[in-house]
Each structure stands twice: as C-alpha cells, then as structure tokens.
Amino acid sequence: GGWVLLQNCHLGLDFMDELLETILTAEIQNDTFRVWLTTEQHPKFPITLLQIAIKFTNEPPQGIRAGLKRTFSGISQDLLNVSNLPVWKPLLYTVAFLHSTVQERRKFGPLGWNIPYEFNSADFTASVQFIQNHLKRIDIKKGISWNTVRYMIGEVQYGGRVTDDYDKRLLNCFARVWFNERMFDSAFCFYTGYKIPVCKTLEQYFDYIQLLPAMDSPEVFGLHPNADITYQRNTSADILDTITNIQPKESGGGSGETRESVVYRSAEDMLEKLPPDYVKARLVKMGALNSMNIFLRQEIDRMQKVITVVRTSLNDLKLAIEGTIVMSEASKNLRDALDNMYDARIPQVWRRVSWDSSTLGFWFTELLDRNAQLSTWIFQGRPKVFWITGFFNPQGFLTAMKQEATRAHKDWALDKVAIHNDVLKLTREEITTSPSEGVYIYGLYLEGAGWDKRRSILVESTPKILFVQLPVLHMFAVDSS
C-alpha cells in the first residue's frame with residue numbers, strides 16, 4: 001500500500017516502456033498503491049504512460065493576493081514572533097510583497113523582465129534569514145543599515161539570479177523605494193490600496209490578504225496599464241494556438257472546398273509572386289571589397305536560401321497534392337507545410353531559415369519587401385534610407401558602417417570607434433538625400449514608451465497604444481579615443 005517515487009524520468013526514457021509493462025501486468029494486491037513520477041516535458045516520453053496517468057503540475061500563483069497567501073502559508077507563528085523589534089513584521093511582509101512582485105512580472109514577458117528568471121521560495125527564505133540575523137546584530141541607537149539591506153536583497157539574494165544590467169537596475173529600484181525608513185510610516189503604501197498591515201498573528205495576515213483585489217492592475221508592479229493589454233493578447237494567442245493545434249487535420253466529408261485545394265491555390269499564388277533568383281554578377285561590378293558590399297552579399301546569400309527553400313517546398317507540395325509524389329509520414333516537412341499553410345501559419349522549414357512573424361500573409365509580404373530593398377540596392381545603387389529591420393543581421397550592417405567610417409578617416413582605429421545616433425524629426429518619405437557620413441535607418445518601434453516628436457524625448461505610453469514607430473534615425477560613427 002506504499003508509494004513509489006521516481007524522479008526526473010525524462011532522463012530514463014528506455015525504462016519508461018518497461019515500467020509501463022510492469023504496471024499493466026503486475027498483480028497489485030493493495031488499492032492504495034501508487035507510482036509517482038516527476039519529469040520535464042519531453043517529445044519522446046511514452047504517450048501511453050501519460051494517457052493512463054493523472055497529470056499534476058505546480059504552477060506559480062496568479063496575482064499578489066494568491067502569491068502572498070502561498071508565501072505566508074509557509075511561515076509559522078514562531079517565525080512571526082522571532083523578534084520583538086517593531087520593524088521585524090513590516091520588513092517580513094515587504095520581502096513577501098517583493099517576492100510576489102518579481103514572480104508576477106514574469107507574465108508580462110520582456111516588459112516585466114528582459115530575461116525570465118526562476119525566482120523561488122529559496123530566495124525569500126534567504127532574504128528573511130538575512131534580515132533576521134541583521135536585526136539581531138544592529139545597534140538599537142543607530143538603527144537598521146538600509147544600504148546593507150538593499151544591497152543584500154537587490155544584489156545578492158534576488159539580484160544573484162539577475163544577469164541583465166537593466167533588470168538589476170529595476171530590482172535595485174524596488175529595493176531603494178520599499179526598504180527605507182518611510183516604510184514604517186502609516187501613510188506608506190506599495191500602490192494605492194496595498195499597505196503594510198499591522199498584525200500580530202498569521203490569521204490576521206491571512207484576513208488582510210483576503211481583502212486584497214483578486215485582479216491586480218499592472219501599476220502595482222510598476223508597469224503601465226498597457227502592459228495588461230499585451231499580457232491578455234499573448235494569453236489569447238496561446239489559447240487559440242493550442243485550439244488550432246488539436247483540431248482534426250483530415251478533410252471533412254462536407255461539400256465545401258477541401259484543405260488540399262485551399263493550400264494548392266495558395267501555393268500557386270505564392271509561386272507566381274515569388275521573386276527570381278539573384279544575379280551575383282551585379283555584386284562583382286559594385287566592388288567586392290567594400291564593407292557595405294560584403295554585408296550586402298551576405299544578406300543576399302541568406303535571402304537566396306529562403307527563396308530557394310520556399311520555391312522547392314511549394315513545388316513539392318503542389319506535386320504531392322496532385323498525387324505525383326507521395327506525401328508519406330516520412331516527408332514531415334510537406335505534411336507540416338500543408339497543415340501550417342491551411343492555418344495561415346509559417347511552415348517550420350521556412351521559419352528555420354528566415355524570421356518570425358504572426359501570420360503567413362505578413363511573413364510573405366515581408367519576404368517581398370526585404371527582397372525589394374536588396375534588389376533596389378543592387379540595381380539602383382545604395383538607398384538613401386535603410387529599412388534596418390529588413391536585414392537578417394542588423395548588427396552586421398552597423399558594423400559595416402563603422403568600418404566604412406574608419407577607412408574614410410585614416411587616423412581612426414576601428415576598436416576606438418563607437419556608434420552614435422540622432423533621432424530626426426523626419427519620416428522616411430521626407431528623406432531626399434543620403435547623409436554626408438553614416439546612414440539613415442527606419443523601421444524601429446517602441447514598446448512600453450511613447451515618443452514626443454517635438455521635443456525628441458521618450459514619454460509615457462498613450463493608453464491603448466502599444467507600439468509607436470520612431471522617426472528616421474541618423475546612425476554615425478565617432479572616434480572615442
């Protein structure tokens with residue numbers, strides 16, 4: 001009647017088949033016997049074992065209220081009473097609030113953290129232990145060393161996981177604003193309606209936490225209300241993706257147009273619009289050793305690969321639909337292309353050699369636009385303004401511009417040259433000439449901020465406007481030696 005616990009079963013997939021057979025054939029005498037497995041997601045995990053199992057996952061709580069409830073459920077009354085100092089309980093609650101905040105910001109993606117960190121209860125426990133030890137050692141007359149507390153939380157306990165400079169700055173900002181003498185003021189609050197309660201028992205804390213809103217505004221976490229629109233939109237997209245993925249893939253028996261005929265027509269239309277192969281001879285005439293021309297050649301090589309892959313797979317798909325070649329299970333790429341094109345998504349084989357996009361239509365339009373920029377550069381000369389997001393390697397483009405500037409100034413050293421930029425007040429259409437030095441670029445968007453064209457500064461986002469296009473930027477190199 002006991003339980004068997006097998007951990008990290010994704011590391012022993014061969015044994016899983018043997019385990020399944022054992023479970024199905026063994027004569028288990030006691031009904032309370034259980035086999036408990038822990039595993040990561042793995043594409044080769046035996047599906048039969050998953051189907052007969054009860055799946056259990058431990059998700060992080062959603063919202064400040066749920067986060068604080070879970071945190072305080074791991075705290076004992078003894079821990080609450082461990083110190084007689086009046087500053088102890090407010091500090092404990094503030095660390096718990098910070099713990100919920102750093103976890104909750106993850107759901108907002110790059111707006112919350114540039115890199116999603118795995119903050120867990122060990123960070124909270126270590127921070128509480130440090131504060132407990134610090135309060136034991138402090139001189140009552142001098143009080144708490146706030147610099148030490150902020151450093152330990154922002155740089156060591158939670159900050160020890162953070163690898164991005166801007167994320168570290170954000171974490172230190174939370175520590176600076178919340179951990180200071182003002183936190184003991186009765187008027188202090190993390191955000192309107194989120195105060196530090198004055199409680200003596202765990203029950204009182206739970207009663208207070210229960211009164212917090214079930215749904216939090218993004219402003220509680222220091223974010224703009226627009227962040228919630230982005231989160232809701234991404235969540236909806238994930239749900240719809242899941243629904244699309246589990247739809248039946250075979251054609252129905254109705255009288256409507258079949259999946260194959262829809263995809264066949266789409267493939268014909270795309271093949272008709274697909275640009276021709278590039279003429280490499282033009283590149284030789286332009287001068288092979290120029291920095292910008294080397295970059296252009298690299299971009300053309302990658303674009304040519306995309307065009308070739310698309311043309312080949314579309315032709316094969318047409319032949320497979322016609323029945324000229326067999327679309328067997330072995331040809332996964334063709335099956336994947338058929339399924340994705342019917343759902344207006346990008347086939348995996350195309351995505352691997354190209355770029356990401358929301359739908360197949362946007363992706364194909366971008367292919368034509370990228371090709372147009374490269375073709376114009378080859379046949380009509382260097383553009384006056386570059387669509388930088390239309391390159392595979394935008395950083396390589398800026399490096400080529402830096403090399404070009406270094407060669408133009410004989411006394412400059414490449415490793416001492418830095419790239420600077422000016423945001424102009426002009427749009428792409430208003431640019432009539434190339435700059436004397438550097439390049440004009442466009443195609444950059446701001447998320448999480450707005451742009452004041454008149455003063456050329458960043459401003460708060462306008463409500464319900466998630467993305468703002470930047471005007472043309474003048475990128476140029478300067479000698480920093």
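The legends below walk through several close-up views of a predicted model. Residues are numbered from 1 along each chain as its sequence is written, and side-chain values use heavy atoms, with hydrogens and water left out. Because the model is predicted, local features need pLDDT of at least 70 and side-chain atom pairs count only at pLDDT 80 or more, while totals for chains, interfaces and linings use all residues.

**Figure 1. The domains and an annotated region.** The domain assignment gives domain 1 (3-52), domain 2 (64-226), domain 3 (258-382) and domain 4 (388-480); such bounds come from an automatic or database domain assignment. The C-alpha centres of domain 1 and domain 2 lie 40 Å apart. An unreviewed UniProt entry annotates residues 88-227 as "domain: Dynein heavy chain AAA lid"; UniProt positions are given here in the numbering of this model, feature names are shortened, and annotations may be inferred rather than shown by experiment. Over residues 88-227 the chain is 51% helix and 4% strand, and the end C-alpha atoms are 34 Å apart. Helices (H or I, at least four residues) and strands (E, at least two) are DSSP runs, numbered from the N terminus.

Figure 2. Buried means under 20% relative accessible area, exposed over 50%, and partly exposed in between (1.4 Å probe, protein chains only).

**Figure 3. Ser100 in helix α5.** Ser100 is found in helix α5 and counts as buried, at 4% relative accessibility. Setting aside residues up to four places away in sequence, Ser100 touches Ile64, Gly67, Leu68 and Thr71; contact means heavy atoms within 4.5 Å.

**Figure 4. The largest nonpolar core.** A nonpolar core is a set of buried Ala, Val, Leu, Ile, Met, Phe, Trp, Tyr and Cys residues joined through side-chain atoms within 4.5 Å. Of the 53 residues in the largest one, Val306, Met341, Trp350, Trp363 and Phe397 touch the most other members. Elements giving two or more residues to this core include α11 (259-273), α14 (332-342), α16 (360-380), α17 (394-408) and β12 (473-479). Helix α13 supplies the largest share, 11 residues. Domain 3 (258-382) and domain 4 (388-480) both give residues to this core, so it lies between them. For a closer look, pick Trp363: not counting residues up to four places away in sequence, Trp363 touches Val306, Val310, Ile346, Trp350, Ser354, Trp355 and Ser357. Apart from this core lies another, of 52 residues, among them Leu80, Leu92, Leu135 and Tyr231.

Figure 5. A search of the whole structure finds 14 salt bridges, each a side-chain nitrogen of Lys or Arg within 4 Å of a carboxyl oxygen of Asp or Glu. In one of them, Lys168 pairs with Glu155, with the closest N and O atoms 3.4 Å apart. Lys168 lies in helix α8 (residues 165-178) and Glu155 in helix α7 (residues 146-157), so the pair ties together parts that are 13 residues apart in sequence. Asp241 forms a salt bridge with Arg345, again with the closest N and O atoms 3.4 Å apart. This pair links distant parts of the chain, 104 residues apart: Asp241 in helix α10 (residues 226-245) and Arg345 in the loop between α14 and α15. Asp241 is partly exposed at 36% relative accessibility, whereas Arg345 is buried, with a relative accessible area of 17%. Asp241, Asp343 and Arg345 are linked in a network of salt bridges.

**Figure 6. The Arg382 and Glu404 pair.** The closest N and O atoms in the salt bridge between Arg382 and Glu404 are 2.9 Å apart. Arg382 is in the loop between α16 and β5 (385-387), and Glu404 is in helix α17, 22 residues apart. Arg382 is partly exposed at 37% relative accessibility, and Glu404 is partly exposed at 24%.
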